[in-house]
Amino acid sequence: MSDVTLKDLEIVQKTLSQAGLDYQLELENGKISVMGPSDIVSSEITAELLRVLGNWVKPRRLGRLFDSSGGFILPDSNLKAPDISFVSAERLPRSVRYFGEMVPELVVEIKSQSDRITPLQKKLEKYIQLGAKVGILIDPDKEIVTVYRPTGKPIELTNDDILTIPELFPGWEISISELWPPIFEEEE
């Protein structure tokens with residue numbers, strides 16, 4: 001079987017859509033990956049981080065945030081959709097009705113229950129190699145956040161630490177412990 005192209009992927013996506021099937025697809029090295037839904041812990045972390053980042057980014061008009069439905073055609077011709085991504089206003093002054101043809105400055109992957117950590121680490125390293133300024137891997141199982149940058153080794157943060165992204169969002173910060181879904185105890 002020959003490698004699948006972006007055009008082929010668009011045809012598959014259209015066919016699935018017309019059949020009433022809403023699958024999220026990625027293209028990597030000529031192969032289609034079907035992305036399953038996230039577990040609700042991963043989804044809640046995504047929603048919370050998007051909310052907190054959005055509350056900082058939007059009023060300052062710094063750029064655009066995307067969820068896992070936002071696809072990007074990368075310089076290696078792969079089509080990827082990070083769980084959360086950010087593109088600065090100067091690089092994307094207006095959204096387009098197509099995939100972003102660029103590497104986002106920020107990419108975030110949130111480990112879901114079915115994910116393995118090593119492929120996610122490699123995915124973030126690839127984003128950095130392709131030009132992302134910051135990559136973040138969130139592991140809810142271990143409550144660890146790993147930050148990737150073009151220089152230096154990845155930095156692991158735990159519940160006592162604060163996540164900052166000064167190269168993109170000067171002054172913004174969040175405590176790692178605030179990322180995890182709250183537990184609502186019944187009153188006795």
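Visitor: Leaving aside neighbours within four places in sequence, which residues is D139 in contact with?

Guide: Contact means heavy atoms within 4.5 Å. By that rule, and with neighbours within four places in sequence left aside, D139 is in contact with K111, I117, I144 and W180. This is a predicted model, in which local features need pLDDT of at least 70 and side-chain atom pairs count only at pLDDT 80 or more, while totals for chains, interfaces and linings use all residues. Residues are numbered from 1 along each chain as its sequence is written, and side-chain values use heavy atoms, with hydrogens and water left out.

Visitor: Is D139 buried or exposed, and how far away is the nearest side chain of opposite charge?

Guide: Buried means under 20% relative accessible area, exposed over 50%, and partly exposed in between (1.4 Å probe, protein chains only). A salt bridge is a side-chain nitrogen of Lys or Arg within 4 Å of a carboxyl oxygen of Asp or Glu. D139 is buried but has no salt bridge, and the nearest side chain of opposite charge, K111, is 4.9 Å away.

Visitor: Which backbone nitrogen does the side chain of D139 reach at 3.0 Å?

Guide: The side chain of D139 reaches the backbone nitrogen of D141. A polar atom of that D139 side chain also lies 3.3 Å from the backbone nitrogen of K142.

Visitor: In helix α1, which residues are buried?

Guide: L6, L9 and L16 are buried in α1. They cover an arc of only 85° around the axis, so they lie on the same side of α1. The face turned away from that buried side carries the exposed residues K7, K14 and Q18.

Technical notes. Lys, Arg positive; Asp, Glu negative; His and termini not counted. Polar contact = N/O pair within 3.5 Å; in protein donor to acceptor, adjacent residues only side chain to side chain. Helix = DSSP H or I, 4+ residues; strand = E, 2+ residues; numbered from the N terminus. Arc of directions from axis to C-beta.
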